[in-house]
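Biologist: I'm new to this one and would like to learn how to read it. Could you take me through it feature by feature?

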Amino acid sequence: MTTVLPQKPQGTYTFASQPRAVQQRKKYRDANPIDQSQGPPQYGNIMYDRRIVRGNTYAQHTLPAHAQPDPIEIQRQQENRRRAIARKRAKEQLRPRSPDPVEGRKHIDVQTELYLEELSDRVEEADVEVQTDAFLDRPPSPMYVPAKTGVDITTQILEGDLFDFDIEVKPILEVLVGKTVEQALLEVMEEEELANLRSQQRAFEELRNAELVEQQRLEEQERRHREEKERRMKQQREIVKKEKETSDKIAARAFAQSYLADLVPTVFGTLSDNGYFYDPVERDIEQGFMPWLIDQVQVQLQKSQLGRLVLDGIIRDVMNQRIDAYSRTSTSGGGA
């Protein structure tokens, strides 16, 4: 019972206080409540002690490793709780208190309220009387008890005949010690198992990270190969396309040369026959000088014709006048 159990930061068994003897509970509180808050709570009855495990411990449900609380989070909570207790203790120490009494005197509690009241250990009692009605309700019928038969026999039992604490407490102590040792062994085994699980997890994470790095390297290599392949295929397609265009151009050029070999002279001959190729001077004479000359000739011919017509008219008039004069002369000569 004097062995110190190792403190365990995680697991199903969360209580980690060291076993100690039960102290005698004081009747009154201490004058300095700070010391009581520093230590763990004191239990007067083992039935309320959290270290006592009731029932069958084999039927307890153990949480899986992944569902257990994080030890870092538990350590952080304990550190925060420790800081809060230290902060509270510092505030209690900094709070002003009454100075220590001089030798031969002591401090006592004095009432400073407006109305004084007597302080005593005796509870105040008062008698109260109540006048009831004249007619009370009929009391319930008592339970039927059959008449006792037979003979009563008594047996005197001396102190220590039925119960011996030193003997009866041994099974309880054996259970407590056995359960404590068993729980300690379970905690140690659980710690070792958790340590093995952490080491396996670290090894698995390292292996997974290495596999991820290798996978990324292979994916990058595959991506570079794919891009190089696509680039080469694109270049090859462009080369094939250019070769096809070049071959088409060469074929078109050869076909055009073979088609235009006899076409050019024929076209030029046809165009020459149709008058598309001409001499500028000859064309100017034909389209400029000759029409003007023809127009001028026509004008001159029209003038000549007009002159002839006018001359013919004059001659006709003269002839008519002479005929008239001759006819008058003839008429006048015959009458004479």
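Biologist: Is D152 buried or exposed?

Modeller: Buried means under 20% relative accessible area, exposed means over 50%, and partly exposed is in between, using a 1.4 Å probe and protein chains only. D152 has 56% relative accessibility, so D152 counts as exposed. K148, at 66%, counts as exposed too. Across the chain's 336 residues, 5% count as buried.

Biologist: What does D152 form with K148?

Modeller: Side chains of opposite charge can pair when their charged atoms come close. We call it a salt bridge when a side-chain nitrogen of Lys or Arg lies within 4 Å of a carboxyl oxygen of Asp or Glu. D152 and K148 make one, with their closest N and O atoms 2.9 Å apart.

Biologist: How many salt bridges does the whole structure have?

Modeller: The search turns up 9. Among them, R217 pairs with E214 at 2.4 Å between the closest N and O atoms. These two are 3 residues apart in helix α3, so about one helical turn separates them. R217 is partly exposed at 44% relative accessibility, and E214 is partly exposed at 36%.

Biologist: And which residue does R223 pair with?

Modeller: R223 bridges to E220, with the closest N and O atoms 2.1 Å apart. Both lie in helix α3, 3 residues apart, which is about one turn. There's also a network of salt bridges that links E79, R82 and R83.

Biologist: How many helices and strands are there?

Modeller: Helices (H or I, at least four residues) and strands (E, at least two) are DSSP runs, numbered from the N terminus. This chain has 5 helices and 0 strands.

Biologist: Which helix has the highest mean pLDDT, and which the lowest?

Modeller: pLDDT is the predictor's confidence in each residue, from 0 to 100. Helix α3 (residues 165–260) has the highest mean among the elements, 92, while helix α1 (residues 34–38) has the lowest, 48. The chain averages 79, and 78% of the residues score at least 70. Over residues 33–38 the pLDDT is below 50, and it stays under 50 over residues 1–11 as well. Where pLDDT is low, the predicted coordinates should not be read in detail.

Terms used
Residues numbered from 1 in each chain as written. Predicted model: local features only at pLDDT ≥ 70, side-chain atom pairs only at ≥ 80, totals over all residues. Heavy atoms only, no water. Contact = heavy atoms within 4.5 Å.
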